[in-house]
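Please look through the structure below. The paragraphs after it go from one part to the next.

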Amino acid sequence: MLSDFFLRAILAGIGIALVSGPLGCFIVWRRMAYFGDTMAHSALLGVALAFAFDIDLMLGVFAVAALVSVALLLLQRRASLSTDALLGILSHSTLAVGIVMVAFMTWIRVDLMGFLFGDILAVSRIDLAFIYGGGAVVLAVLALLWRPLLAATVSPEVAEAEGLRPERSRIVFMLLMAAVIAIAMKIVGILLITSLLIIPAATARRFAGTPETMAVLASILGAVAATIGLFGSLEFDTPSGPSVVVAALGLFLLSLLSAARSGAASSAETPGRAASLPEPSR
Amino acid sequence: MSDALVTMTDVGVRRGGRWLVRGVSLEVRRGEIVTLVGPNGSGKTTTVKTAIGILRPDEGEVRRAGTLSIGYVPQKMTIDWTLPLSVRRLMTLTAPASAQAIDAALDRVGIGHLAKADVQTLSGGEYQRALLARAMIRRPDLLVLDEPVQGVDFAGQLALYDLVSDIRERDGCAVLLISHDLHVVMAKTDTVLCFNGHVCCAGTPQSVAASPAYRSLFGPRAAETLAIYSHHHDHTHLSDGRVRLADGTVADSCAGVHADRHPEHHAHDRREHHAHAE
């Protein structure tokens, strides 16, 4: 029989994966992997501030991640440094400041490893409620704004010209990311959150024909990875976050294998079609 | 009531301490084709983006009709390989459309057979057609095309421009077009604005081609080719079986002169002059 804490961890992992699938697709499409990483790393600063001011952890993480994304948007506009360099500065300085702050707070015992790499023992009933409640809100907003978000991803200018307000989509997307980072932190750990966003989406790409199927597939693949990873974590006593990521990586490698095989098969069956298509130029 | 869709008055756009364009005034009225020509970096794209609200003007005024709907084909629209997007799905990028509307739009631009293909696998010409279909599928009031024939061979360019003018005729939309293939475009257009950081000259294709500013910018050769293609314009209308009445000076001036010509003769003309232009 599964123990209660483990059942909660599995439910939490699946809940997070369902939300991070579609959101991760947008991160892949928009080439924002490093951006997501930066927001996630700032989560530790959120944790430190939450302890310092005695507020809810998830709230602290959400607020700081959202602030960092706004700061980045503003810094990008002034643009004296490349986005790349800005991300590097923000990503590691927020992480470092967070760790230093936690070190100063000697009156609280903080399991730093748990925050960095995730801890399946940490999921409470209330956390679970936050994950599913928050996750449902994130998915609902995503569904409502799907078309403008996708249009803004493909071409902000077309979206703007045709009245879809891409700037609004962008801000909402940042807030959704901050929310997912806040709810995913406990299970996956802040250092590895982005991989749970990106790897299932990248795996889904090979099997998807439309953006929508890719998003759904990414959710399913993420849920499978979370389940396998958490069982592994329990079985081998490994940290939960890395275990989930290793499982996701395994699925990704499998997809590469099957894609290579079916690619070889289909080009052998229909040489005419392969030859008649022009070389991809975009 | 005025039927102006977009009115720009003395618009200037400044970036990084430099004026990209300045003193631009233009008007696009319902059903009209307005073409911007000019060398690279002359501010055509900036002007168009300001006209449709992608850029804010730093001086002057841009007014758009209250319920203006726009279909936009940008100069560059790269679709990442990570995004699985079929031609069919591209059609509903910014607004929903019925399956019939999608099929009709794709057939109209001649890529109905590519509906299921991924957009990343299209050739340059096919991709431009797909983008045009996407922009027109909502039947916008204003179709904005930023160099829509790039990467398309000469025959394809003529076909695409025919298609644009056909869309204008049928849907009654206005067209704001950027081109540097001026000899092909200008014949079909109602108003030409010639750009070089500002509007150097504006008017009907004939008056622009005759103006000294245009000749100094593009050379006398350009003006000659233009004259040739106004014949082609005339030919298109005759072979349609329709003669557009005097709603533009172009139709006016050509109708009387070439009314007795045969379409075949013009088709021949066109090829011949193409060879000359090379």
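In chain B, helix α1 (residues 44-51) lies across β3 (33-37), β6, β7 and β8 (191-195), and runs at about 150° to β7(B). Helices (H or I, at least four residues) and strands (E, at least two) are DSSP runs, numbered from the N terminus. Angles run from 0 to 180 degrees between N-to-C directions, with axes being lines fitted to C-alpha atoms, for helices over the stretch in contact. The model is predicted: local features need pLDDT of at least 70 and side-chain atom pairs count only at pLDDT 80 or more, while totals for chains, interfaces and linings use all residues. Residues are numbered from 1 along each chain as its sequence is written, and chains are lettered from A and ligands numbered from 1 in the order in which they are written.

The strands of chain B include an open sheet of six, in the order β5-β6-β7-β3-β8-β9 and with mixed pairing; two strands pair if DSSP finds at least two bridges between them. At the edges are β5 (70-73) and β9 (199-203) of chain B, each of which pairs on one side only. From one strand to the next the twist averages 10°. Strands β6 (residues 142-146) and β7 (residues 174-178) of chain B run parallel and are joined by five bridges. Leu143(B) has Val175(B) as its bridge partner in β7(B).

Val144(B) is in contact with Ala161(A), Val48(B), Ile52(B), Ile70(B), Gly71(B), Tyr72(B), Val73(B) and Leu176(B), leaving aside its neighbours within four places in sequence. Two residues are in contact if their C-beta atoms, placed from the backbone, lie within 7 Å.

Next come the two chains together. Their contact takes 24 residues from chain A and 23 residues from chain B. On the side of chain A that touches chain B, the elements giving two or more residues are α1 (4-29), α8, α9 (156-161) and α12 (211-236) of chain A. The most comes from α9(A), with five residues.

Within chain A, helix α8 (residues 146-154) packs against helix α10 (residues 166-188) at an angle of about 105°, with the axes 9 Å apart. The angle makes α8(A) roughly perpendicular to α10(A), a term for angles of 65 to 115 degrees. Pro148(A), Leu149(A) and Ala152(A) in α8(A) meet Pro166(A), Ser169(A), Arg170(A) and Phe173(A) in α10(A).

Definitions and conventions: Angles under 35 degrees count as roughly parallel, over 145 as roughly antiparallel, 65 to 115 as roughly perpendicular and the rest as oblique.
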